[in-house]
Amino acid sequence: MVTRCSSKVTGANKGIGLEIVRGLCRQFEGTVYLTARNEKLGQEAVQKLVSDGLNPSFHQLDITDEQSIQALKKHLLDKHGGLDVLVNNAGFAYKVGDTTPFGTQAEDSVGINFFGTLAVSKALLPIIRPHGRVVNVSSQAAQMALKKCSAELQARFRDRSIKEEELVELLHKFIETAKEGKHQENGFADWAYGMSKIGMSVLTFIQAREMEKDAREDILVNCVTGANKGIGLEIVRGLCKQFEGTVYLTGKNEKLGQEAVQKLKSEGLNPSFHQLDITDEQSIQALKKHLQDKHGGLDVLVNNAGFAYKMEDTTPFGTKAENCVGINFFGTLAVSKALLPIIRPHGRVVNVTSQRAKVALKKCSAELQARFGDRSIKEEELVKLLHKFIETAKAGMHQENGFGDSTAAYGMSKIGLIVLTFIQAREMEKDPREDILVNCVCPGWCKTDMTGYDLPTRTAAQGADTAIFLALIQPKESQGQFFYDRKPIAFYE
Ligand SMILES: NC(=O)c1ccc[n+]([C@@H]2O[C@H](COP(=O)([O-])OP(=O)(O)OC[C@H]3O[C@@H](n4cnc5c(N)ncnc54)[C@H](OP(=O)(O)O)[C@@H]3O)[C@@H](O)[C@H]2O)c1
């Protein structure tokens, strides 16, 4: 099932655009954006629709202004993680009898109708989600103008294998020759608007052809962090078997990650690889860009990557606190901040945490237990508390400050992750995207490089089971819960 989250109509403050918005507001399940280059006129049009009981949103957009296009793109990505329907309606025509020189008419008509739409498409088509729709409002003027072109030009415009570069070149040539009064000698119609709509119609055919080769279709995308070994690798293995879509195995070390992918491929599975160091913002942004460019978003994120010191490790406690919290909490937070906005409706987020958090929580002061246990705690406060833990641990003052004893660096980091899960789940409840579920899991004591292979009682595959279960849960099944063995358990009693 697909839920349309946002639909956008350009040049919609009046005329056909306004009516498209009106109709979509009635029929489209999701946010409809009315965009217009003039903010005041756009807002007035929105108010008109609001007074009719409809509920469009507004965003400024001048289709000939790259900065304006990019601002809209950023807004759509930040607020909705993408776009589902784009109606390129904005257009311009000189009145019949207008005495503006033909060269200027050609430049303006083609500049707005063709090059403007092209610029909007170049920016927004990459963020259209699977099942998206693009409608370019063209005109039969295109057909009429085409008949007035030379036979050679007609053949080129009609050629269904024409490339975008050639189309752009032809329309530039039309403008140039129109300015010199030589457009007809060069085979172009004596009609600026008609020529611009030829461009728009042919552009539609080109875009449609490109969409046929596009990776987006019905593909669902799943991304597991820290998956070159241990529980993460088992989560990827299980998801490759059960998840209908692309599964990304990510790892901070490219070589180890690729080796893990090859291992799974030799078993007949088909994960993809992308590098990801969860403590490196550049690496996170590169993954985000890849997911957006290739898939238009993400459907499941499993935050598995984690780090722990061995029991016998003698690293100073302050350093342990900094590294454990830095990777397990702040790393996961950074990944979430980047990727949650591009999670599509019906997405799932699973944070792999640990019951060591419960042990660490019990060692905290009553006041801190209450803060961490407060289901209305804000992310800023949580971040502040974990920074304070690191600072006081470095100064050897963590116990005085209520943070438990010096065995709790890892446990404190996982407290952070559990509480973060509760916060993210709460935010998802207010999110316009439908049915995104965020939960966390303790895999149990598993045989991995982190914990060793002698004492732990479970295999990594057994540890992966509940994370896989949570990655695939049904709508409304669970939001903001801490799971163990497929069942919610209490964090703060
Ligand atoms: N094993 C258990 O008993 C147990 C119990 C409770 C919770 N957990 C949690 O389960 C998760 C998986 O642990 P595991 O037992 O499978 O441990 P593991 O075998 O040591 O694997 C940890 C994974 O996290 C990756 N990682 C560490 N830092 C990273 C970073 N900055 N960026 C990206 N990836 C990073 C590691 O990559 P490299 O190989 O490149 O270092 C590795 O792939 C962790 O979150 C852990 O805290 C484990």
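Author: Contact here means heavy atoms within 4.5 Å, and in this predicted model Arg 356, Ala 357, Ala 360 and Leu 361 of α13 meet Tyr 410, Gly 411, Met 412, Lys 414, Ile 415 and Ile 418 of α16 in that sense.

Reader: What makes α13 roughly perpendicular to α16?

Author: Helix α13, residues 356–363, packs against α16 at an angle of about 105°, with the two axes 7 Å apart. Angles of 65 to 115 degrees count as roughly perpendicular, and therefore α13 is described as roughly perpendicular to α16.

Reader: How do you know which classes the residues in the contact of α13 with α16 belong to?

Author: Each residue is placed by its type, with Ala, Leu, Ile, Met and Tyr among those that count as nonpolar, Lys and Arg among the charged, and Gly among the polar. On that basis the contact of α13 with α16 has seven nonpolar, one polar and two charged residues.

Reader: Why is α12 called roughly parallel to α16?

Author: The axes of α12 and helix α16, which covers residues 409–430, come within 8 Å and cross at roughly 20°. Since angles under 35 degrees count as roughly parallel, that value makes α12 roughly parallel to α16. The crossing in which α12 passes α16 is right-handed.

Reader: Which residues bring α12 and α16 together?

Author: On the α12 side they include Phe 317, Ala 321, Val 325 and Phe 329, and on the α16 side they include Tyr 410, Ser 413, Leu 417 and Leu 420. The residues of this contact divide into ten nonpolar, six polar and two charged.

Reader: What makes α11 and α12 roughly parallel to each other?

Author: Helix α11, residues 281–295, and helix α12, residues 317–339, pack at an angle of about 30°, with their axes 10 Å apart. The limit for roughly parallel is again an angle under 35 degrees, and α11 and α12 are therefore roughly parallel to each other. Their contact is made by residues including Ile 284, Leu 287 and Leu 291 of α11 and Val 335 and Leu 339 of α12.

Definitions and conventions. Residues numbered from 1 in each chain as written. Predicted model: local features only at pLDDT ≥ 70, side-chain atom pairs only at ≥ 80, totals over all residues. Heavy atoms only, no water. Axes fitted to C-alpha atoms, helices over the stretch in contact; angles between N-to-C directions. Helix = DSSP H or I, 4+ residues; strand = E, 2+ residues; numbered from the N terminus. Parallel < 35°, antiparallel > 145°, perpendicular 65-115°, else oblique. Left-handed = near helix turned anticlockwise from the far one by under 90°.
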